[in-house]
Amino acid sequence: MKRFRGRVAVVTGAASGIGRALAERFAAEGMKVVLADIDPPALEAAAGELAERGADVRAVPVDVTQASDVEALADQTLRAFGAVHVVCNNAGVFAGGLSWEAPLRDYEWVIGVNLWGVIHGVRTFVPILLEQNSEGHVVNTASMAGLTTLPYASIYHMSKHAVLAYSECLHHELALRGSRIRVSALCPEAVATRIDACERHRPPRFRAAADRRDPSPERELVESALSKAVETGIAPGAIAERVLAAIRDERFYILSDDAWRDSCHARLEDIRAGRNPSFAPPVARDHADGAST
Ligand SMILES: NC(=O)c1ccc[n+]([C@@H]2O[C@H](COP(=O)([O-])OP(=O)(O)OC[C@H]3O[C@@H](n4cnc5c(N)ncnc54)[C@H](O)[C@@H]3O)[C@@H](O)[C@H]2O)c1
């Protein structure tokens with residue numbers, strides 16, 4: 001897609017971090033933007049700031065784990081702007097710990113937001129994009145964690161590997177249909193956002209009783225590594241810039257070029273050689289720090 005002005009973007013997880021930066025970047029290109037998030041006050045603040053700068057925006061409270069919420073988001077988008085061109089399935093959360101100690105609720109929450117949120121976005125918006133028969137682009141937020149595996153973050157890695165595989169399959173399906181809809185998988189390294197405070201919006205149905213929480217020191221270790229990685233992560237605006245360029249260039253993979261790539265290559269080499277998985281955490285350069293983001 002080369003032309004952005006006047007076109008419509010929908011972004012989930014738009015009240016904070018990468019989603020907010022995407023909304024700002026799209027608005028700066030003259031797009032109409034629908035911001036969706038589970039956090040209404042932060043959502044209103046983000047949308048209000050963009051509106052003050054003259055952007056044509058809407059704010060829609062959404063829990064992406066709920067298909068009906070995402071369908072309502074599409075309805076409101078079409079009612080407000082009559083069309084949709086760019087869909088960023090971006091909302092995401094993190095929970096760490098040992099695979100066998102993590103409560104089921106952690107699995108349900110992380111997979112519910114990170115994977116089911118993307119599934120609902122695809123199942124709701126792709127038929128609309130196909131029906132419009134205009135240019136369109138779906139951006140699914142995975143992570144460099146979707147190309148690597150590290151201990152104490154299996155739920156997150158698993159959810160992001162699934163998003164990447166799902167996005168690649170979607171890319172094939174749309175290409176084989178000769179569709180004008182393009183797909184990208186966004187795979188950032190550590191980014192300076194509030195993902196390390198994502199517990200703030202965990203819905204009650206996904207909360208484990210306090211005594212059911214993973215008590216392992218490994219959980220604390222990975223959560224503090226995440227906070228450190230986020231503190232020194234790159235600015236969300238730089239990620240938004242990459243996304244815009246990828247949409248323009250019709251590029252599927254939006255990857256980091258830091259130490260996370262080395263971890264990814266080490267994994268691919270192991271697979272190619274039929275070796276057991278190496279433990280290859282990203283070795284800190286400028287921004288990466290070893291937490292699985
Ligand atoms: N920050 C990083 O280092 C990093 C790296 C790679 C990938 N990512 C991915 O980027 C995406 C955005 O995360 P971020 O880092 O900007 O974090 P963030 O916490 O700053 O923003 C995430 C937003 O998603 C919203 N959200 C959470 N649950 C939701 C739900 N059920 N429905 C709707 N909205 C919901 C939150 O309220 C928040 O506004 C996530 O998918 C994350 O996994 C982040």
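Me: How far does a polar side-chain atom of Asp-37 lie from an oxygen atom of the ligand?

Reply: Such a pair is a polar contact (two N or O atoms within 3.5 Å; within protein, one must be able to donate a hydrogen and the other to accept it, and residues adjacent in sequence count only if both atoms are side-chain atoms). For Asp-37 the distance to the ligand oxygen is 2.6 Å. Before going on, note that this is a predicted model, where local features need pLDDT of at least 70, side-chain atom pairs count only at pLDDT 80 or more, and totals for chains, interfaces and linings use all residues. Residues are numbered from 1 along each chain as its sequence is written, and side-chain values use heavy atoms, with hydrogens and water left out.

Me: What is the volume of the largest pocket?

Reply: Rolling a probe the size of a water molecule over the atoms shows where empty space is left. On a 1 Å grid over the protein atoms alone, a cavity is a set of points where a 1.4 Å probe fits but cannot get out, while a pocket is an open set with protein on both sides within 12 Å along at least five of seven lines; lining residues have an atom within 4 Å of a point. Grid points are joined across faces, edges and corners, and the volume is the space filled by probe spheres set on the points. The largest pocket has about 660 Å³. It has 37 lining residues, and Asn-90, Ala-91, Gly-92, Val-93 and Ile-195 are the closest to its centre.

Me: Which helix gives the most to the lining of the largest pocket?

Reply: Helices are DSSP runs (H or I, at least four residues), numbered from the N terminus. Helix 1 gives the most, with three residues. Helix 1 also leads in the second largest pocket, again with three residues, and that pocket holds about 150 Å³.

Me: How many cavities of 30 Å³ or more does a search of the whole structure find?

Reply: The search finds two. The largest has about 40 Å³ of space, and its lining includes Thr-12, Asn-89, Asn-90 and Val-118. By class, that lining has five nonpolar, four polar and no charged residues. In this scheme Ala, Val, Leu, Ile, Met, Phe, Trp, Tyr, Cys and Pro count as nonpolar, Asp, Glu, Lys and Arg as charged, and the others, Gly among them, as polar.

Me: How many disulfides does a search of the whole structure find?

Reply: A disulfide is a covalent bond between the sulfur atoms of two cysteines. The cut-off is a pair of cysteine sulfur atoms within 2.5 Å. The search finds zero. Cys-187 is in no disulfide, and the nearest cysteine sulfur, in Cys-264, is 8.7 Å away.

Me: Is Cys-198 buried or exposed?

Reply: Buried means under 20% relative accessible area, exposed over 50%, and partly exposed in between (1.4 Å probe, protein chains only). Cys-198 is buried, at 8%. Cys-187 is buried too, at 0%.

Note on methods:
Helix = DSSP H or I, 4+ residues; strand = E, 2+ residues; numbered from the N terminus.
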